[in-house]
Amino acid sequence: MTYNQVVSEIETKLKAHPLIKTVKFNPPTNWLNWDDQPVFPVACFVINNGELNAGRQQVYRIQMWFLDKAGLEGEFETDITSDQHSIAADVISNLRKQSNEYLLDNTISWDAISEKYEDYLCGVGLTFNLFSTSKFDACDISL
């Protein structure tokens, strides 16, 4: 899979979840200070880096955030974190079961997010690798 295909695949899976209202290909720190705020809950992701391994294997290191507003003074933080954790588990399950083109890490770490961002946002963040094998031996572009 190409970089564009990975981005498209993740966006498609996130947008398909009925509880996610906004999807962004940007980390929260990039869009939180914009004038137009997203409709919450929001899922956002970045592809930080990766590897080009032997045997045409490509690795994409992905970070995702699932966030919602926890109410004034964060009074709904536990419920929101639980909901966002369940949404994240749904998305990962969906990514794992519907493709033969890639694999995800067997173990995916997650972190609870609490009062890290303004507006009393909370939720969960995930970090994982997506492994894909190219179908081609080399680039088609002649040098």
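Is Arg61 buried, partly exposed or exposed, and at what relative accessibility? Arg61 counts as partly exposed, because its relative accessibility is 25%. Buried means under 20% relative accessible area, exposed over 50%, and partly exposed in between, with a 1.4 Å probe and protein chains only.

A word on the model. It is predicted: local features need pLDDT of at least 70, side-chain atom pairs count only at pLDDT 80 or more, and totals for chains, interfaces and linings use all residues. Residues are numbered from 1 along each chain as its sequence is written, and side-chain values use heavy atoms, with hydrogens and water left out.

Back to Arg61. This residue sits in strand β3. Helices (H or I, at least four residues) and strands (E, at least two) are DSSP runs, numbered from the N terminus. Asn129 is 68 residues away from Arg61 in sequence, yet their C-alpha atoms are 4.6 Å apart. The Arg61 side chain makes polar contacts with two side chains: Asn49 at 2.6 Å, and Glu51 at 2.8 Å. A polar contact is a pair of N or O atoms within 3.5 Å; within protein, one must be able to donate a hydrogen and the other to accept it, and residues adjacent in sequence count only if both atoms are side-chain atoms.

Now the interior. In soluble globular proteins, nonpolar side chains tend to be buried together. Here, the largest nonpolar core has 25 residues. Such a core is a set of buried Ala, Val, Leu, Ile, Met, Phe, Trp, Tyr and Cys residues joined through side-chain atoms within 4.5 Å. Leu14, Ile62, Met64, Phe66 and Phe128 have the most contacts inside this core. Helix α3 gives the most to it, with 5 residues. Another core lies apart, with 10 residues, including Trp31 and Phe40.

Look at Ile62. Beyond four places in sequence, its contacts (heavy atoms within 4.5 Å) include Val6, Ile10 and Phe128.

Terms used. Contact = heavy atoms within 4.5 Å.
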